[in-house]
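Student: I am new to this structure and would like to learn how to read its features. Could you walk me through a few of them?

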Amino acid sequence: MTKQKITSSEALAFHLEPTPGKWEVTATVPMTTQRDLSLAYSPGVAVPCEAIAENPELAYDYTNKGNLVAVISNGTAVLGLGNLGALGSKPVMEGKSVLFKRFADVNSIDIELDTEDPDEIIQAVKLMGPTFGGINLEDIKAPECFIIEQKLKEEMDIPVFHDDQHGTAVICAAGLINALHLSGKKIEDVKIVLNGAGAAGIACIELLKSMGARHENCIVCDTKGVIYQGRTEGMNQWKSAHAVKTELRTLEEAMEGADVFLGVSVKGAVTQEMVQAMAEDPVIFAMANPDPEITPEEAHAVRPDAIVATGRSDYPNQVNNVLGFPYLFRGALDIHARAINDEMKIACAEALAELAREDVPDEVAMAYGKSLSFGRDYIIPTPFDPRLIHMIPPRVAKAGMDTGAARRPIIDMDGYELSLKSRMDPTANVMRGIHARARKAQARMIFAEGDDPRVLRAAVQYQRAGFGKALVVGRDAEVKAKLEAAGMGDAVRELEVVNAANSRHLNQYKDFLYKRLQRKGFDRHDVHRLASRDRHVFSSLMLAHGHADGLITGATRKSAYVMELINHVFDADAAHGAVGVTALLHKGRIVLIADTLVHEWPDEQDLATIAERSADVARHMGLEPRVAFVSFSTFGYPDSERANKMHIAPQVLEARGVDFEFEGEMTVDVALNTTAQEAYPFQRLSGPANVLVVPARHSASISVKLMQEMAGATVIGPILAGIDNSIQICSTNSTANDILNMAVLASCKVG
């Protein structure tokens, strides 16, 4: 599988567009009228202010404190880049903030403190305490990070968590629980060697000791060798706490007969000889980033029985902090915790370990493009497992309650678990799954409009993201000039530029096209002009002859015009069952609207076909279809000739015996709102509809564009469904990212 390539220009563009940075503030209350403003601010705001002043606990009820975490850094240890300073760390902290939101629906603000003085950081964070429900310290170098965290824990009454330490430790512990389970060993019996006595390493060994690992069985090494009792060089109080009485002096000596190796150090620190000297079924967590202490290939070459984990996403068993910190804070915030203690961290690790031992849902396997099951290559769950949000926080919350860390215990744990399930944004998982399938498919994708900079950027991104080969239709010189103007001149060598002038198949294409069009008023000259001069037709001919796997077009011409040209080569019209389906992604919901491309004024038979094609698209996107035929009437009222076909279409579907839920006719609010559905107890939908079949193309277009412009919905489509070949038509106002999304859908053959 092709690996992803991310260039500097792409990374900068991602942070620049559509607005600088990665997050913004959105109001959760109405702010429209004077009354709204009077309630939000003066005079209405005085009431909750007085209530909180009298009872500080009410801040969790009347403000966002209970779901707000500060991500705080001074930039002294940014990723693997070193001391970049406070401002240099801001992109990372913004990123951490959006990860909190993406994975656990925790609101977060990044704060960069321009000081390297621990006392100044402690004082600043302490003074901000009333604002937040929790503090996440990030990328602060050791040993200052130990001092800062410990002092803040002592002086603040909200959770303070240094993720570089404890996040890594929790995931490491989860993986080790399962690795020892597979090898039949107990934590209290194994010999553990840790290389790297910085923040993460010390936290890992301390958490494992609190879980039962014996002090005398744990050997800690740093750049100067084993940390032994009596050593004075390069020592501090945190290292001294893990000094053991031993004659061992080097990492190589310590690895002799070791059951477990934990590496939070540097690339190449472990040799094959060291691995060979380890005990039976050795556990190797080589967590140095971006390159591990030893690669899984190198370790398995000498020890096939080894269980290996790294910090890399392109190897099995990734020790990824995003499996821990969002859910730890979610559980802690939901009990208004005073702290995140060891018991809560252990509960998180144990829950992660148990989750990895359970059957993996189909959507996870689909997202990763392979079957996953508990074993040596799967001891840690994947970050995109949808069960994480509702399985980890309850265990964390219960541990917090059992240990007295909770201000407000959760009474109904079953209800709490259900509420967590509703926090997940299904759109992210759907797109993740589609992207994974596209990478597995490795489709050769034609980008028909190589004269457009947006299309060229999308083509480059398609190839660099590892989805497959991008074929751009255009002239070499023009493509090169446009790429250079877009700051992507280095991509010229990566793309394959095709056109009629350099195609050895042109005569074959023209013969094929003449046979299709000779009885439709086209002569040989017309066919030559179409095949050799029109890029939409030429691209379609390439696809029809198997010289590519998919086609993206429409960014520069109206969709009706493009459809007409494509139909010279394919049967992509209403008569042959083609349908246009547009996906709307908004506030965690996905709704498909059809027909947005092909049928101008469908009758009841057409509407039933549109519903079937749309249901297929929904399933391709990982959704279980619930189809609603929508109109301005609901189940016959008000009675109207124009609504009648929407009333009959469900009967047509019923006669066809389809295998998905459908209902209608109904208004949009009844289709999408379960409360509104309760007024019609006979209706057959088990939940909100996710496919809306509308009366005509004009109503579909109005609906989509209204949602896009007024509500800010993300629009994907129209997706061309119901034809054998994978063709997707963009809209003329598509961004490069929109075009890329359509290419990914075409690669997966959605439709």
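Tutor: Gladly! Let us start with a charged pair: Asp291 forms a salt bridge with Arg312, and their closest N and O atoms are 3.2 Å apart. Keep in mind that this is a predicted model.

Student: Where in the chain do Asp291 and Arg312 lie?

Tutor: The pair links distant parts of the chain, 21 residues apart. Asp291 is in the loop between β9 (283-286) and α14 (296-302), and Arg312 is in the loop between β10 (307-310) and α15 (325-334). Asp291 counts as partly exposed because its relative accessibility is 31%.

Student: What is the general idea behind such pairs, and how many salt bridges does the structure hold?

Tutor: Side chains of opposite charge can pair when their charged atoms come close. In this structure there are 43 salt bridges. One of them joins Glu494 to Arg464, with the closest N and O atoms 2.9 Å apart. This pair also links distant parts of the chain: Glu494 sits in the loop between α22 (476-485) and β13 (496-498), while Arg464 belongs to helix α21 (residues 453-464), 30 residues apart.

Student: Is Arg464 buried or exposed?

Tutor: To call a residue buried, we ask for under 20% relative accessible area. Arg464 has 2%, so Arg464 is buried.

Student: Which residue forms a salt bridge with Arg656?

Tutor: That is Glu612, and the closest N and O atoms of the two are 2.5 Å apart. Here the pair links two helices, with Arg656 in α28 (residues 641-656) and Glu612 in α27 (residues 604-620), 44 residues apart. Arg656 is partly exposed at 33% relative accessibility, and Glu612 is partly exposed at 24%. Salt bridges can also share partners, as they do in one network that joins Lys90, Glu94, Asp110 and Glu112.

Student: Let us turn to the backbone. Which peptide bonds here are cis?

Tutor: Look at the omega angle. A cis peptide bond joins Ser42 and Pro43, where omega is about 5°. Pro43 lies in the loop between α2 and α3 (46-54). The bond from Ala142 to Pro143 is cis as well, with omega near 5°, and Pro143 is placed in the loop between β3 (134-137) and α8 (144-155).

Student: What should I look for in the phi angle?

Tutor: Asp139 is not a glycine, yet its phi is positive, about 50°. Asp139 lies in the loop between β3 and α8, and with a relative accessibility of 4% it counts as buried. Gln442, also a residue other than glycine, has a positive phi near 50°. Gln442 is found in the loop between α20 (426-441) and β11 (445-447) and is partly exposed, with a relative accessible area of 25%.

Student: Finally, which residues form a nonpolar patch on the surface?

Tutor: Val29, Met31 and Leu37 do, with about 250 Å² of accessible area together. Met31 is found in the loop between α1 (8-16) and α2 (34-40), and Met31 counts as partly exposed at 43% relative accessibility.

How values were computed. Residues are numbered from 1 along each chain as its sequence is written. This is a predicted model: local features need pLDDT of at least 70, side-chain atom pairs count only at pLDDT 80 or more; totals for chains, interfaces and linings use all residues. Side-chain values use heavy atoms; hydrogens and water are left out. Patches are made of residues with over 30% relative accessible area and no salt bridge: like charges are joined within 9 Å, nonpolar side chains (Val, Leu, Ile, Met, Phe, Trp, Tyr) within 5 Å. Accessible areas come from the Shrake-Rupley method with a 1.4 Å probe; for residues, only the protein chains shown count as cover. A salt bridge is a side-chain nitrogen of Lys or Arg within 4 Å of a carboxyl oxygen of Asp or Glu. Helices (H or I, at least four residues) and strands (E, at least two) are DSSP runs, numbered from the N terminus. Buried means under 20% relative accessible area, exposed over 50%, partly exposed in between (1.4 Å probe, protein chains only).
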